[in-house]
Amino acid sequence: MQEKLEQIFSFNKSNRQWHLPFIAGLCVGTPMIIGWLIDNIEAGKLGSLAGLSILYIQSNNLEKRMILLMTCCFGIMISYTVGLLFSFSPVFAPLALGVLSFGIHYSLHKLKLNRPPGNFFFIMVASMAISTPFDWERIPEKIGYVALGTILTCGIGLIYSLLTLKPADNTEAEWPQKKPYINIVESLIFGLFVGLSLMIAFLLDFDNPYWIPISCLAVMQGQTTKHIWLRASQRVLGTLLGLGITWLIAFGNPTPLFMVIGITILQIIVEYLVVRKYAIAVVFITILTIFLAESHGVLSQNTNQVFFARLVDITIGSTIGALGGWVLFQERMHYKAAIHLRRARVWRRKSRNNNN
């Protein structure tokens, strides 16, 4: 029991640069501050979604880094746009999200962008957009806010890179690439379970159905069956603690400025912890996502109702994600077994030819 508790709460080592969480907080927080200044918090929240792209600057070469950043910013815009366009129907929305999840996972591996956070933020943004009430007239306006956020993120990313990159930092770390077969199968599994989770959310008639596919996706990021179930338990436990802290904050009826500053600080904390200890990071992820997703009025007036709904959503989503992760891991095992069998057959043929 003691070893399991140490495994959950012990910190892992990370080679992530210490200043990246602060830049992530700046990219997410700056649109929020601008939105507060112009009395349009919703616009600030939409612009802050694009700020998540800064976490994909996975190159030490300035040109490659900026190309990757602009590509990911464009990907965030596409994900959000597809989500908005298919939010008109709870029948077509799960299918659209499943197909989009397949395309995102497959494309990121082809572009060699399979390092963490991988497909998470693209699918998260699409899930949030596809679960919002359909309003055809406001779609261009919402996409415009996200586009402004991408411009701001690229500007901050360029200044940050010019200040921190050194000429000697051009060496690129190799990240293992997957075979085309396993990439296609994994992408199909991701698309199937993410789409299924959204369909279940619609069938259960939840107010904010995107919480279920987001939780499903987060759990499926695990690398092994044990890691997947550990992530599921960590997410539920961290959610409980995060909901308790958020309830205390909401009980004090915080001001919009407090929420804006809080989101910025929380983003910094999350990016620092998520690669070091996921269980503790989930506590702050829960607070951050509730602040981003729920309006200030709803959070203050229906606190107990909102928190109970989030707990149910995340529990269901984590369970679906654990099942999807198990299927994903079994497919990886089947692929590895097939590779070993092929190698064994080739070795036997060579042995027979040598004996003859």
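## Cavity

On a 1 Å grid over the protein atoms alone, a cavity is a set of points where a 1.4 Å probe fits but cannot get out; lining residues have an atom within 4 Å of a point. In this predicted model, the count comes to 1 cavity of 30 Å³ or more. The largest cavity has a volume of about 40 Å³. Volume here is the space filled by probe spheres set on the points, with grid points joined across faces, edges and corners.

Its lining consists of Leu84, Ser87, Thr132, Pro133, Phe134, Asp135, Ile139 and Lys142. These divide into 4 nonpolar, 2 polar and 2 charged residues. Ala, Val, Leu, Ile, Met, Phe, Trp, Tyr, Cys and Pro count as nonpolar; Asp, Glu, Lys and Arg count as charged; the others, Gly among them, count as polar.

## Model and confidence

Residues are numbered from 1 along each chain as its sequence is written, and side-chain values use heavy atoms, without hydrogens or water. The model is predicted: local features need pLDDT of at least 70, side-chain atom pairs count only at pLDDT 80 or more, and totals for chains, interfaces and linings use all residues.

The chain averages a pLDDT (the predictor's confidence in each residue, from 0 to 100) of 80. At least 70 is reached by 77% of the residues. Confidence is lowest in helix 1 (residues 2-9), with a mean of 53. It is highest in helix 7 (residues 139-164), at 93. Where pLDDT is low, the predicted coordinates should not be read in detail.

## Fold and surface

The chain has 14 helices and 0 strands. Both are DSSP runs numbered from the N terminus: helices are H or I with at least four residues, strands E with at least two. Contact means heavy atoms within 4.5 Å. Among contacts between residues at least 6 apart in sequence, 81% join residues at least 24 apart.

Of the 356 residues, 49% count as buried. Buried means under 20% relative accessible area, exposed over 50%, partly exposed in between (1.4 Å probe, protein chains only). The chain exposes about 18,400 Å², and carbon and sulfur atoms supply 67% of it.

Ser101 lies in helix 5 (residues 92-110). Ser101 counts as buried because its relative accessibility is 1%. Not counting residues up to four places away in sequence, Ser101 touches Ile123, Phe190, Gly191 and Val194.

Val28 sits in helix 2 (residues 20-37). Val28 counts as buried because its relative accessibility is 2%. Leaving aside neighbours within four places in sequence, Val28 contacts Ser48, Gly51, Leu52, Ile263 and Gln267. Val28 and Ile265 are 237 residues apart in sequence, yet 9.8 Å apart in space, C-alpha to C-alpha.

Terms used:
Accessible areas come from the Shrake-Rupley method with a 1.4 Å probe; for residues, only the protein chains shown count as cover. On a 1 Å grid over the protein atoms alone, a cavity is a set of points where a 1.4 Å probe fits but cannot get out, and a pocket is an open set with protein on both sides within 12 Å along at least five of seven lines; lining residues have an atom within 4 Å of a point.
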